[in-house]
Amino acid sequence: MDSRFEILPRHVGVIMDGNGRWAKKRGLPRGEGHKAGARVFREITKYARRIGIEYITYYAFSTENWNRPKEEIDGIMELFREYLFESEERLDENEQEGMQVRFIGEKAGLPEDIVALMARAEQETSTASDIVVNLAINYGGQAEIAHSARELAAAVARGELKPEEITPDQIAQHLYTAGQPPLDLVIRPSGEYRLSNFMIWQAAYAEFWYSDVLWPDFTPADFDRAMFDFAKRNRRFGGV
């Protein structure tokens, strides 16, 4: 862990917000904002790993984002492709960085080639252990809880489980993030103050950190400010 920090969150969630507004302020197409945001995602991920963050989850594309203009959606999907192809080309570098990549969300509805590239990226980085990087794509927190409920209901229907035996831990074991710690900190730049259906189960006792900085302008110095602020929080988890 970086010696500057007395305490760090184990699991950080990042709502990458403000790409479109960043582009609009500069008279650019919204797609240029997403490209700039993707560059910041790479920079912050490497920085988080360097200072000792164990898990980081990015809200990349929500289930509601399908309502955006087709041109913008196509551009975002192309950015995913570029990232995945780049990951393959930089496999040795990623291994040195110790980054395990995982994708959370519904695969149904995504282009087949992207789903195949996702599976390959997960397999190729599965042994990395310095940091787990979750990319939430076609993701919604409510849909994730419904997914867990369906799996538990199926177990009840098979006679493997009784309804009264269902616990919060069992629900967590059937989420996309099964086996990972809950969120300690949620970072949302861009001046918005809402969770937007992001990891609503995992964020039950998370701390929140907001900033007016648009995501494409977000820097490691901003990340540091969130870490220092987190260290000052008194986390009681319902106690005194």
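How many bridges join strand E3 (residues 99-104) to E4? Six, and the two strands run parallel.

The model is predicted: local features need pLDDT of at least 70, side-chain atom pairs count only at pLDDT 80 or more, and totals for chains, interfaces and linings use all residues. Residues are numbered from 1 along each chain as its sequence is written, and side-chain values use heavy atoms, without hydrogens or water.

**View 1. Strand E4 and its partners.** Strands (E, at least two residues) and helices (H or I, at least four) are DSSP runs, numbered from the N terminus. Pairing requires at least two DSSP bridges between two strands. Strand E2 (residues 55-62) pairs with E4 in the parallel sense over seven bridges. Phe61 has Ile137 of E4 as its bridge partner. Ile104 stands opposite Ala136 in E4.

View 2. H2 (residues 30-51) has 22 residues. From first C-alpha to last, H2 reaches 32 Å, close to the 32 Å expected at 1.5 Å a residue (1.5 Å times one less than the number of residues). Its buried residues include Phe41, Ile44 and Tyr47. Just after H2, Gly52 takes a positive phi of about 115°.

**View 3. Lining of the second largest cavity.** Phe80, Tyr83, Leu84, Phe103, Ile114, Met118, Leu135 and Ile137 line this cavity. Helix H3 (70-89) gives the most, with three residues. Helix H5 (112-124) and E4 each supply at least two.

Definitions and conventions. Buried means under 20% relative accessible area, exposed over 50%, partly exposed in between (1.4 Å probe, protein chains only). On a 1 Å grid over the protein atoms alone, a cavity is a set of points where a 1.4 Å probe fits but cannot get out, and a pocket is an open set with protein on both sides within 12 Å along at least five of seven lines; lining residues have an atom within 4 Å of a point.
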